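Subject: Structure handover

Hello,

Here is the structure for you to look over. My notes on what turned up in it follow below.

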Amino acid sequence: MPPIEETPVYEVFAQHDALAFATHVGSLRAPSAKMALELAREAFFRRDPAFDVWVVPATQIVHARDFPITLPTAPEEKSYRLPSGYDNGPQWKRFKASEQKIEDVAQEMAQPVRRIPQ
Amino acid sequence: MNHPTHEQIVALKRLLIPMADDEWMMGHRGSEWLALAPDLEEDLALSSTSQDEMGHAKVLYDLLHDLGEPSADYHVYFRPANRWHHARVTALPKSSWAEWVVRRYFYEMFDQVRRSALERIPYPPLVGALKKMDREEAYHADHARSLMDILAHGGAESYGYLREAITDDWAYLADLFEWIGPDESWASWDVGELAPSAMRTRFESQVHQDFAIWGIYWPEGVPLATRKARHHDSSPDLPALLDDMREVRNQAAKAHW
């Protein structure tokens, strides 16, 4: 193993279920990606299981702060971008209430005439 | 087989006590590395795997309790030194990091062989207990191999430490393959894989293969053990280890914790 400061840093992400976004949980040093996974298992998931774990070499992450022009900044006036008038709330409520599957929602959305319930 | 015979129960105890004690000792010795492992990540991983091993020991002591043995607490806190049946290699005092890596690797490779032999015993509570451990143990074995790989390919200095540690531990490996009690006792389960010679052969074939990958000289077969290998009637290290392990408990041995 090289000296500690030469051992690569890996950023660790976890997906809690198959549909969840991967969330950053921390970082660690490891001599290889496989070893990073082995160590992440014990460092971050001792008690909680995960659906999947990703390790990414920290050097492979591109930071917007290094290219400030790409950094999202607070908009002055973007209300015209807000999706008002497309209220999907009732669908979501029914989806949750009836334990529909995502496929059912897709089928409903695909119907030729969509009625937005009031 | 939910109702083993008396002979089979006696045999089961003689098979499980050595395993429970090995797991306990690996967990105990492993926990002594807390804050001393070479890097923070491995320190966390090792303290966690040591807890796994103690957890496995607890599962086995509880299983033994169901078979009529005293409780897990008795086994760990009150049992006299000459009633422990771990293999000496699991309880060797802490020496170098390389020795610990090598000890873990040998132990995990052996433990895989032993578990797959015990899994063939048709006693559902045992099969269930082993199944619970499988996931963690598969990780332990994989990680033990990764640590060996790092030492083997880490340059002349680490390779030297590795060779030295293998030479030191090799002589102790024999004890792992012995059960306690007479042969007829484990043979009453009629599982050929439980024979010490069968376990030794499977272990040797795995380790021989790994050594070839790591460029490590194969020191011929594992030496043969004496039939008393897992008895510690006059062990110089064991009383000190037990005193150390029980130090807090012994402050108030009769208290309820």
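B:Asp111 touches B:Met19, B:Glu23 and B:Glu137, leaving out residues up to four places away in sequence; contact here means heavy atoms within 4.5 Å. B:Asp111 lies in helix H5 of chain B. Helices are DSSP runs of H or I with at least four residues, strands are E runs of at least two, and both are numbered from the N terminus. B:Asp111 is buried, at a relative accessible area of 0%. Buried means under 20% relative accessible area, exposed over 50%, and partly exposed in between, with a 1.4 Å probe and protein chains only.

Some ground rules. This is a predicted model: local features need pLDDT of at least 70, side-chain atom pairs count only at pLDDT 80 or more, and totals for chains, interfaces and linings use all residues. Residues are numbered from 1 along each chain as its sequence is written, chains are lettered from A and ligands numbered from 1 in the order in which they are written, and side-chain values use heavy atoms, with hydrogens and water left out.

Confidence next. The predictor gives the complex an ipTM of 0.86 and a pTM of 0.85. Chain B averages a pLDDT of 94, pLDDT being the predictor's confidence in each residue from 0 to 100. In chain B, 99% of the residues score at least 70.

Now the core. The largest nonpolar core has 91 residues. Such a core is a set of buried Ala, Val, Leu, Ile, Met, Phe, Trp, Tyr and Cys residues joined through side-chain atoms within 4.5 Å. H5(B) gives the largest share of this core, 13 residues. B:Ile121 is one of the residues with the most contacts inside the core. Beyond four places in sequence, B:Ile121 is in contact with residues including B:Leu12, B:Trp189 and B:Leu194.

On a 1 Å grid over the protein atoms alone, a cavity is a set of points where a 1.4 Å probe fits but cannot get out; a pocket is an open set with protein on both sides within 12 Å along at least five of seven lines; lining residues have an atom within 4 Å of a point. Grid points are joined across faces, edges and corners, and a volume is the space filled by probe spheres set on the points.

A search of the whole structure finds one cavity of 30 Å³ or more. The largest cavity has a volume of about 70 Å³. Among the residues lining it are B:Thr49, B:Glu53, B:Glu108 and B:His140. B:His140 lies in helix H6 of chain B and is buried, at 3% relative accessibility. Its contacts beyond four places in sequence include B:Thr49, B:Glu53 and B:Glu108.

The largest pocket holds about 580 Å³. Its lining has 20 residues, with A:Arg41, A:Glu42, A:Phe45, A:Asp48 and A:Pro49 nearest the centre. H1(A) supplies the largest share of that lining, five residues.

B:Ala35 has a positive phi, near 75°, and is exposed at 66% relative accessibility. B:Glu220 also has a positive phi, about 65°, and is exposed at 54%.

Regards
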